[in-house]
Amino acid sequence: MGGTEHLTVERVGATLVLTLNRPEARNALSLPLLVGLYDGWLAADADDAIRSVVLTGAGGTFCAGMDLKSLAGDGMTGEHYRERLREDPDLHWKAMLRHHRPRKPVVAAVEGHCVAGGTEMLQGTDIRVAGQSAVFGLYEVRRGLFPIGGSTVRLPRQIPRTHALEMLLTGRPYSAEEAARIGLIGRVVPDGTALEAALEIAERVNACGPLAVEAVKASVYETAAMPEPDALAAELERGWPVFDTADAKEGARAFAEKREPRFRRA
């Protein structure tokens, strides 16, 4: 259902699956791919029937980073995509989740290489699953570059500072096992099963009250940098209205009647 020449988009139940589809280039981020990603985030948030998003890559690779030749407009991309970037010079950062946070939970399913811009985009996702042979890393400093996709800000907020700085300052690769140990990803699964595991997680999210899920996600991110008293006050502002919804009443009623709830986003 839609997508661009470098991104496939499909529905699996209430989950929108976005698949980076440039396996011959290890799913490097081209301009068509970035345009498709941004449109995918917007489509997911605009459709109330979609309750979660899974982000993955084709051909046994997640993403090897930016395709600089494509972004430079060397003829590899159509005029339509270059026009989109001219209209919104921030589009690539929104696509990579640097300047955009989807309302719906995003589950990353990683196989193979997830490095440089791939690891940067990963930090914009909410739940992360990886195959046991996956490789992570921020290689930019090894090439005299800066990981400008948000990693110097987000990574130390997501994993212990010492691990963040080692990853940022050495540019070395990390195995899936080590990435899980330091908290960059949440679960390691057998190779070839990351997408299946991510869809299972997404289905569990989909079974929950959508208004509650979206309020919980928003609260986690909104309060992350607040002092605790301010954060607790903000949590109440987000949380109390959820109790007044028809979905909250349906959840309690379903529990009493020993059945699955039928949430209606109301």
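A: Let's open with a term we'll need: a salt bridge is a side-chain nitrogen of Lys or Arg within 4 Å of a carboxyl oxygen of Asp or Glu. One thing to keep in mind throughout is that this model is predicted.

Q: Okay, which side chain meets E178 in a salt bridge?
A: The general idea is that side chains of opposite charge can pair when their charged atoms come close. Here E178 pairs with R172, at 2.7 Å from N to O. E178 is buried, with a relative accessible area of 19%, just meeting the cut-off of under 20%. R172 is partly exposed at 25%.

Q: How many salt bridges are there in the whole structure?
A: A search of the whole structure turns up 17. One of them joins D126 to K217, with the closest N and O atoms 2.7 Å apart. D126 sits in the loop between α5 and β7 while K217 belongs to helix α10 (residues 210-222), so this pair ties together parts that are 91 residues apart in sequence. D126 is partly exposed at 23% relative accessible area, whereas K217 is buried at 9%.

Q: And what does R259 pair with?
A: R259 and E257 bring their side chains together in a salt bridge of 2.6 Å, N to O. Elsewhere, salt bridges with shared partners link D48, R103, E214 and R265 into one network.

Q: Let's move to helices. Which residues of α7 are buried?
A: First the general idea: an α-helix has 3.6 residues a turn, so residues three or four places apart point the same way. In α7 (residues 161-170), the buried ones are A164, M167 and L168. They span an arc of only 95° around the axis, which puts them on the same side of α7. T162 and L169 are exposed, on the face turned away from that buried side.

Q: What do the buried residues of α7 pack against?
A: They pack against α5, α6 (151-158), β9 and α8 (176-182). After α7 comes G171, with a positive phi near 65°.

Q: On to strands. In what order do the strands of the three-stranded sheet run?
A: It's an open sheet ordered β6-β8-β9, with mixed pairing. β6 (113-115) and β9 (174-175) are the edge strands, each with a single partner, so one side of each has no neighbour in the sheet. β8 (residues 135-137) pairs with β9 in the antiparallel sense over two bridges, and F136 has Y174 in β9 as its bridge partner.

Q: Which strands does β7 pair with?
A: β5 (residues 106-110) runs parallel to β7, with four bridges between them; there, A109 is bridged to V129. Three bridges connect β7 to β10 (residues 187-189), also in the parallel sense, and G131 has V189 as its bridge partner in β10.

Methods
Residues are numbered from 1 along each chain as its sequence is written. This is a predicted model: local features need pLDDT of at least 70, side-chain atom pairs count only at pLDDT 80 or more; totals for chains, interfaces and linings use all residues. Side-chain values use heavy atoms; hydrogens and water are left out. Two strands pair if DSSP finds at least two bridges between them. Buried means under 20% relative accessible area, exposed over 50%, partly exposed in between (1.4 Å probe, protein chains only). The arc is that of the directions from the helix axis to the C-beta atoms. Contact means heavy atoms within 4.5 Å.
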